[in-house]
Amino acid sequence: MDLVYRDKIETCEVCKEPIGIVVDLYFGSRLYPRACKCRREAYRRERFEEENREKQIRLKRVIANSMIDENFRTCTLKNWDHRVGNKSLYKIALEYIEKFHHMKNKNQGMLIYGEPGNGKTYFSSCIANALMDRSIPVIAVGTIGLTERISQSKRTWGDEGVFTVLNSLENADLLIIDDLGAEEDNKWTRAMIYQVIEKRNSSRLPVIITTNISINELKERYNDRTYSRLVEMCSFIRNTGGDIRKIRGKGKTEKFLGEVLN
């Protein structure tokens, strides 16, 4: 190996790895560029972000009626109202976000149940937004929108259309199903909910579900297969917080009356 080439090899100022490599050839030694640790990690991040951007785009194409809009994007832990929001849910959301890679590997989901208006949707939206900000593909959709989308696809393309929607959900590292139990209650919708849950389970991909119905109602409404899958995939968490909408509505009314009457 030529010593002159050794002298010319520079190192990265950050990781201190060489940014060149000397290769011995038949006609002598040559110095070639080499990616240091910094560049290799930057390339991996770029690939990760690009692949996940493509997944998010594919999700939007198929699930056009998702919940993710401008209002949805304002739901963040930074905007969490600690005066009325459930403190335990805040901590759970923070932990789930920070450890999502581990949660995903364990296929660890959550089913949040409780009275309407107490922050379940906001909680799941906070998780979704934080993960999307980290370039992790997420889809959040209400059960009504999801079952209607599957129904529309079935009418247009038959069973193949159903499979297209179900398979597209695999692009999401996390699927959020909001307001389980609000969809029309019939044999077909119950079967579709099972198909969605089972598809996530077989793909080892987590799901977060919010619902206003009780656990007993959940058992009665959906069959044993669906319920057992939910138990297997999700931690059941009861949100005992009060109705945030009513609390805020009362405060807004009091403020309005104070301004008008004074």
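1. The expected span of a helix is 1.5 Å times one less than its number of residues. In this predicted model, helix 9 consists of 16 residues, and the distance from its first C-alpha to its last is 22 Å, close to the expected 22 Å. Helix 6 (residues 120–132) can be read in the same terms: with 13 residues it reaches 19 Å, close to the 18 Å expected.

2. Overall content. The protein has twelve helices and seven strands. Of its 262 residues, 41% are buried. Among contacts with a separation of 6 or more, 75% are between residues 24 or more positions apart.

3. Ends of helix 9. At the start of this helix, a side-chain oxygen of Asn186 comes to within 3.0 Å of the backbone nitrogen of Trp188. After the helix comes Arg204, which has a positive phi, near 60°.

4. Burial of helix 9. The buried residues of the helix are Thr189, Met192, Ile193, Tyr194, Val196, Ile197, Arg200 and Asn201. Their cover includes helix 7 (143–157), helix 8 (159–168), strand 5 (174–180), strand 6 (207–211) and helix 11.

5. Packing of helix 9 on helix 11. Two packed helices are described by the angle between their axes and the distance between the axes. For helix 9 (residues 187–202) and helix 11 (residues 224–233), the axes come within 10 Å and cross at roughly 35°. The crossing of helix 9 and helix 11 is left-handed. On the helix 9 side the contact is made by Ile193, Tyr194, Ile197, Glu198, Arg200 and Asn201, and on the helix 11 side by Arg225, Thr226, Arg229, Leu230, Glu232 and Met233. By class, the residues of this contact are five nonpolar, two polar and five charged.

6. Helix 6. Which residues of helix 6 are buried? They are Lys120, Phe123, Ser124, Ser125, Cys126, Ile127, Ala128, Asn129, Ala130, Leu131 and Met132. Because eleven of its 13 residues are buried, helix 6 is largely enclosed by the rest of the structure.

7. Asp178. This residue lies in strand 5. Buried means under 20% relative accessible area, so Asp178, at 11% relative accessibility, counts as buried. Its side chain and that of Thr210 are joined by a polar contact of 2.6 Å. Leaving aside residues up to four places away in sequence, Asp178 touches Met67, Thr121, Val141, Gly142, Thr143 and Thr210.

8. Asp173. This residue is placed in the loop between helix 8 and strand 5. Asp173 has 7% relative accessibility and therefore counts as buried. Its side chain makes a polar contact of 3.2 Å with the side chain of Lys104. Residues up to four places away in sequence not counted, Asp173 touches Lys55, Phe100, Lys104, Ile136, Pro137, Arg200, Leu205 and Pro206. One of these, Arg200, is also among the buried residues of helix 9.

9. Lys16. Is Lys16 buried or exposed? Lys16 is exposed, as its relative accessible area is 55%. The residue lies in the loop between helix 1 (3–8) and strand 1 (20–25). The side chain of Lys16 reaches the backbone oxygen of Glu13 at 3.0 Å. Lys16 and Lys37 are 21 residues apart along the chain, and their C-alpha atoms are separated by 8.6 Å.

Terms used: Residues are numbered from 1 along each chain as its sequence is written. This is a predicted model: local features need pLDDT of at least 70, side-chain atom pairs count only at pLDDT 80 or more; totals for chains, interfaces and linings use all residues. Side-chain values use heavy atoms; hydrogens and water are left out. Axes are lines fitted to C-alpha atoms, for helices over the stretch in contact, and angles run from 0 to 180 degrees between N-to-C directions. Helices (H or I, at least four residues) and strands (E, at least two) are DSSP runs, numbered from the N terminus. A crossing is left-handed if the near helix is turned anticlockwise from the far one by less than a right angle, and right-handed if clockwise. Contact means heavy atoms within 4.5 Å. Ala, Val, Leu, Ile, Met, Phe, Trp, Tyr, Cys and Pro count as nonpolar, Asp, Glu, Lys and Arg as charged, and the others, Gly among them, as polar. Buried means under 20% relative accessible area, exposed over 50%, partly exposed in between (1.4 Å probe, protein chains only). A polar contact is a pair of N or O atoms within 3.5 Å; within protein, one must be able to donate a hydrogen and the other to accept it, and residues adjacent in sequence count only if both atoms are side-chain atoms.
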